[in-house]
Each structure stands twice: as C-alpha cells, then as structure tokens.
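Colleague: Before I rely on the labels used for this model, I would like to hear how each one is reached.

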Amino acid sequence: MGHTRTYTTLADLTSTEIIPALGDHASDFDTDAIVAELRHINAITYNKPQQGFTLDIDPETFWSIAARHDTTA
C-alpha cells in the first residue's frame with residue numbers, strides 16, 4: 001500500500017492489493033465496502049493518462065477502514 005501501481009479494473013486492484021493485505025481472514029471483510037470507502041476518501045482514484053485505478057493510502061488508515069468492515073465484529 002502507498003505505492004502507485006495502475007490497475008485496469010477495481011476488481012484487479014481488489015484482488016491484487018486489498019485481499020492480499022487482509023491475508024488469511026480476507027473472507028471476514030466486506031471488500032466491496034472497503035473499496036467504496038477508499039474511493040470516497042480518494043485513496044483509490046482513476047488516473048486518466050494511465051487509464052486505470054491507483055491506490056495510495058497509509059497502512060494505519062487502511063486498517064482503520066478495514067476494521068469498520070469486519071463482518072465478524
């Protein structure tokens with residue numbers, strides 16, 4: 001997290017960045033809600049020149065958002 005790779009789709013970004021970050025417990029989280037919140041705070045943006053989505057967020061903020069979407073809590 002915090003780097004700027006470009007992904008063609010949000011699904012690509014989710015499967016490459018979000019799910020691996022959540023690790024073995026990824027199924028315990030509402031990843032769609034996490035992505036929606038990340039887009040809302042502009043941590044996920046669409047980069048027109050590169051024609052894709054980028055993620056730029058610090059780990060503390062990411063985990064704060066993820067905690068709000070833990071379906072087991």
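Predicted model: local features only at pLDDT ≥ 70, side-chain atom pairs only at ≥ 80, totals over all residues.

Modeller: Residues are numbered from 1 along each chain as its sequence is written, and side-chain values use heavy atoms, with hydrogens and water left out.

Colleague: Why is α2 called oblique to α3?

Modeller: Helix α2 (residues 31-40) and helix α3 (residues 59-68) pack at an angle of about 135 degrees, with their axes 9 Å apart. Angles under 35 degrees count as roughly parallel, over 145 as roughly antiparallel, 65 to 115 as roughly perpendicular and the rest as oblique, and therefore α2 is oblique to α3.

Colleague: Which residues of α2 and α3 meet?

Modeller: I34, E37 and L38 in α2 meet F62, I65, A66 and R68 in α3, where contact means heavy atoms within 4.5 Å. By class, this contact of α2 with α3 has five nonpolar, no polar and two charged residues.

Colleague: What makes α1 roughly perpendicular to α2?

Modeller: The axes of helix α1 (residues 10-22) and α2 come within 11 Å and cross at roughly 110 degrees. By the angle ranges already given, that makes α1 roughly perpendicular to α2. In their contact, L10, T14, I18, I19 and L22 of α1 meet T31, I34, V35, L38 and R39 of α2, and by class there are seven nonpolar, two polar and one charged residues.

Colleague: How many aromatic pairs are there, by the rule in use?

Modeller: The count comes to two aromatic pairs; rings of Phe, Tyr and Trp (its six-membered ring) pair if their centres lie within 6.5 Å, and planes under 30 degrees apart count as stacked, over 60 as edge-to-face and the rest as tilted. Y46 and F53 form an edge-to-face pair, at 5.1 Å centre to centre with 70 degrees between the planes.

Colleague: Why does Y46 count as partly exposed?

Modeller: Buried means under 20% relative accessible area, exposed over 50% and partly exposed in between (1.4 Å probe, protein chains only). Y46 has 44% relative accessibility and so counts as partly exposed, whereas F53 is buried because its relative accessible area is 13%.

Colleague: What are the values for F62 and W63?

Modeller: F62 and W63 form an edge-to-face pair, at 5.1 Å centre to centre and 85 degrees between the planes. F62, with a relative accessible area of 1%, is therefore buried, and W63, at 41% relative accessibility, counts as partly exposed.

Notes:
Axes fitted to C-alpha atoms, helices over the stretch in contact; angles between N-to-C directions. Helix = DSSP H or I, 4+ residues; strand = E, 2+ residues; numbered from the N terminus. Nonpolar A, V, L, I, M, F, W, Y, C, P; charged D, E, K, R; others polar.
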